[in-house]
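The entries below follow the order in which I looked.

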Amino acid sequence: MNDLEVTMCTTSGASPVVPAVVRAGTSDGTLPDWHLRGEWFDVCSCALPCPCTFAQTPTHGDCLFTLVWQVHEGHFGDVRLDGLGVVALGEFAGNMWVGDPDATMKVMLYIDAKGDQAQRDALEQIFAGHVGGWPGQFGSLISELREVRYAPVHFEAAEDLSYWRARVADKVSVGATALTGPTADPSRRVQLINSPGAEVGPGQIATWGVVESDHAEGFDFSHEYRGGSSKHFPFDWRP
């Protein structure tokens, strides 16, 4: 069996498609309670620091990105999601944070194949924005969800956040080291509190990093992608 197990085209068009049946839910089709807690980072084409985190227009007018979520503890109904990851590749144009009607975001997802079918279904429901919470708000920005692929997601982050990285088969290898400089205390991280444009939702602290690796295959970016900015956030989501 190849490391990249399944490719499934989910939707292509003006808006995300909500599946007619929620397979990872209750027997009557209603949405169960869910909760995810973990950590997230991005690698993007913006100059550091990424202006998107300050709710500003991307450095080049559009932002090409790889987003990584690692779930430490989580459930969707009675389906446990601990230790599973999701990676999104995509691009957006305009300012997503100010209600710009011309802003668009196109993405594809890699969902962790270490999970069984129920776990994969649950992660797809949450991260495609179909079951509310912060992912539902963030997912409302998606103008095109191109496809969903299943492959093992390998995540690693230092306890002191000196680095963070992720790998998906031979398709994705992204990561960063913590930002520092000549006047910075090397024992402390460069962080932002009360981020105006936090991709994981309000109330979390951004730790800034410098990209080490930005290899990402599977999404047809509109122009050459070379990452510059990275930041790390914890997340804690409920419906």
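**Strand pairing.** I began at one end of a strand pair, where Cys-44 stands opposite Ser-229 in β13. Strand β13 covers residues 229-237 and pairs with β2 in the antiparallel sense over nine bridges; I count two strands as paired if DSSP finds at least two bridges between them. Helices (H or I, at least four residues) and strands (E, at least two) are DSSP runs, numbered from the N terminus. On β3, eleven bridges join that strand to β2, and the two run antiparallel. There I found Trp-34 opposite Phe-76 of β3. Is β2 enclosed or open? Ten of the eleven residues of β2 (residues 34-44) are buried, so the strand is largely enclosed by the rest of the structure. By buried I mean under 20% relative accessible area, with exposed over 50% and partly exposed in between, using a 1.4 Å probe and protein chains only.

**Source and confidence.** This is a predicted model, in which local features need pLDDT of at least 70 and side-chain atom pairs count only at pLDDT 80 or more, while totals for chains, interfaces and linings use all residues. Residues are numbered from 1 along each chain as its sequence is written, and side-chain values use heavy atoms, with hydrogens and water left out. The pLDDT, which is the predictor's confidence in each residue from 0 to 100, has a mean of 89 over the chain, and 88% of the residues reach 70 or more. Over residues 6-25, however, the pLDDT is below 50, and beyond near neighbours in sequence this stretch has 46 contacts in the model. A contact here means heavy atoms within 4.5 Å.

**Whole chain.** I noted two helices and 13 strands in the chain. Of its 239 residues, 52% count as buried. Among contacts between residues at least 6 apart in sequence, 73% join residues at least 24 apart.

**Cores.** Which residues touch the most other members of the largest nonpolar core? In this core of 46 residues they are Leu-36, Trp-69, Leu-81, Phe-127 and Trp-237. Strand β3 (residues 62-76) gives the largest share of the core, six residues. A nonpolar core is a set of buried Ala, Val, Leu, Ile, Met, Phe, Trp, Tyr and Cys residues joined through side-chain atoms within 4.5 Å. A second, separate core has 23 residues, including Phe-155, Val-172, Val-174 and Ala-216. Returning to Phe-127, and leaving aside its neighbours within four places in sequence, I listed contacts with Leu-36, Trp-69, Val-86, Leu-109 and Trp-237.

**Helix α1.** Nine of the eleven residues of α1 (residues 117-127) are buried, so this helix is largely enclosed by the rest of the structure. At the N-terminal end, Asp-116 caps α1, with a side-chain oxygen 3.2 Å from the backbone nitrogen of Ala-118. Just after α1, Gly-129 takes a positive phi of about 85°.

**Asn-95.** I then turned to the loop between β5 (85-93) and β6 (104-112), where Asn-95 is found. Asn-95 counts as buried, at 8% relative accessibility. Polar atoms of the Asn-95 side chain lie 2.9 Å from the backbone oxygen of Ala-55 and 2.9 Å from the backbone nitrogen of Trp-97. Not counting residues up to four places away in sequence, Asn-95 touches Ala-55, Gln-56, Thr-57, Asp-100 and Ala-103.

**Met-105.** Met-105 is found in strand β6 and is buried, with a relative accessible area of 2%. Outside four places in sequence, the residues that Met-105 touches include Phe-65, Phe-92, Phe-138, Leu-141 and Ile-142. From Met-105 to Gly-94, eleven residues apart in sequence, I read 9.1 Å between C-alpha atoms.

**Cysteines.** How many disulfides does a search of the whole structure find? The search finds zero, a disulfide being a pair of cysteine sulfur atoms within 2.5 Å. For Cys-52, which is in no disulfide, the nearest cysteine sulfur is that of Cys-50, 3.5 Å away. Cys-63 is likewise in no disulfide, and its nearest cysteine sulfur, that of Cys-46, is 3.9 Å away. Cys-52 is buried at a relative accessible area of 1%, and Cys-63 also counts as buried, at 3%.

Definitions and conventions: Polar contact = N/O pair within 3.5 Å; in protein donor to acceptor, adjacent residues only side chain to side chain.
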